[in-house]
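Here are my notes for you on this one. Have a look at the model first, then read on.

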Amino acid sequence: MADIRQLRIDRLGAQGDGIADVGTKNIFVPYALPGESIEAEVEGDRGRLLRVINPSSDRVTPICKHFGACGGCSVQDLAVDAYAAWKRELVIQAFSARGLNPVVEPLQRPQGKRRRAVLTAMRSDAGIAIGFHEAASHALVAINECPVLEPKIVSALPSIGNLIAPLLSKRGEARLTITLTRAGLDVDIEGTGRQLTPDVRIALASAASALGLARVVVGGDIIVETLQPFLRFGPADVVLPPGVFVQAVEAADRMTEMGRIGITDILREVREIDVGVDEMQQMPRPLPGPERPEGHAGLVLEQMKEARL
């Protein structure tokens, strides 16, 4: 049975819940921040935030009107610098739990909005609702704004809802993976359970073409592909397979590539220690560029060289 309690939040958990240490017990309270005194409805080890008595200095106004209902974001009420420190500490703890103690840089903050979203579509009295589930719930929160998504994805949701309406039963739902590519929106639909009759295929293809969608895939079956969806990785344009994972933010691709270059340098030089320069001529070269990272890659390399000598 739930009871109303006043708690002090000691820290944030890995999923963004505030954690109150009460004796030997932890109580998890979503949307509560470290250092806050709160009132919560508590049942077992879970609490539902009722009010904040003494707010944290790191508490800010969420940028999305759906925050608190939509389960897509959990800590929009936490200031940016505090968020970055929390995320970095999670990485440190993950390494530490495995006996590792590497240098962990501050959180990188690539600019831009998310070009990829995995959403749920469900039939409702008002039509097809598309959005995210509430946290720890099957209830769907239909979204008509999302400040972290590319606007082209959000603005297309009503039209995509109309597009997939023939695929949804009265109580059915579907999983949508929508990616903004350089050719347009790539829409991958899973879990509809409806048979794709010739008439449905023709209707989907016609509607998708009218909307200017690059591709529509249903259950792994390409229904229409007006343009091959592709993204640019370094100097290469890469066509995406249906439903493939990509970095959510385009700027993160460059950061990932920089990390790959640094690791390639390390592996090449360590291999050179073993086999000599001649064999190294046969190994792939890292991409050129003035922005190649040298700092920690060089440090790790020296440590590895010392270990081999």
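Predicted model: local features only at pLDDT ≥ 70, side-chain atom pairs only at ≥ 80, totals over all residues.

1. Numbering starts from 1 along each chain as its sequence is written, and side-chain values use heavy atoms, with hydrogens and water left out.

2. The protein chain has six helices and 15 strands (DSSP runs numbered from the N terminus: H or I of at least four residues, E of at least two). Of its 309 residues, 35% are buried, meaning under 20% relative accessible area with a 1.4 Å probe, protein chains only.

3. A search of the whole structure turns up one cavity of 30 Å³ or more. Here a cavity is a set of points on a 1 Å grid over the protein atoms alone where a 1.4 Å probe fits but cannot get out, and lining residues have an atom within 4 Å of a point. Grid points are joined across faces, edges and corners, and the volume is the space filled by probe spheres set on the points.

4. The largest cavity comes to about 50 Å³. Its lining includes Thr-177, Asp-186 and Leu-240, and strands E10 (173-181) and E11 (184-190) each supply at least two lining residues.

5. Thr-120 sits in strand E7 (residues 116-124) and is buried at 11% relative accessible area. Setting aside neighbours within four places in sequence, Thr-120 has contacts (heavy atoms within 4.5 Å) that include His-133, Leu-140 and Glu-173.

How values were computed: 1 Å grid on protein atoms, 1.4 Å probe; cavity = no way out; pocket = protein on both sides within 12 Å on 5 of 7 lines; lining within 4 Å. Buried < 20%, exposed > 50% of the residue type's maximum accessible area, 1.4 Å probe, protein only.
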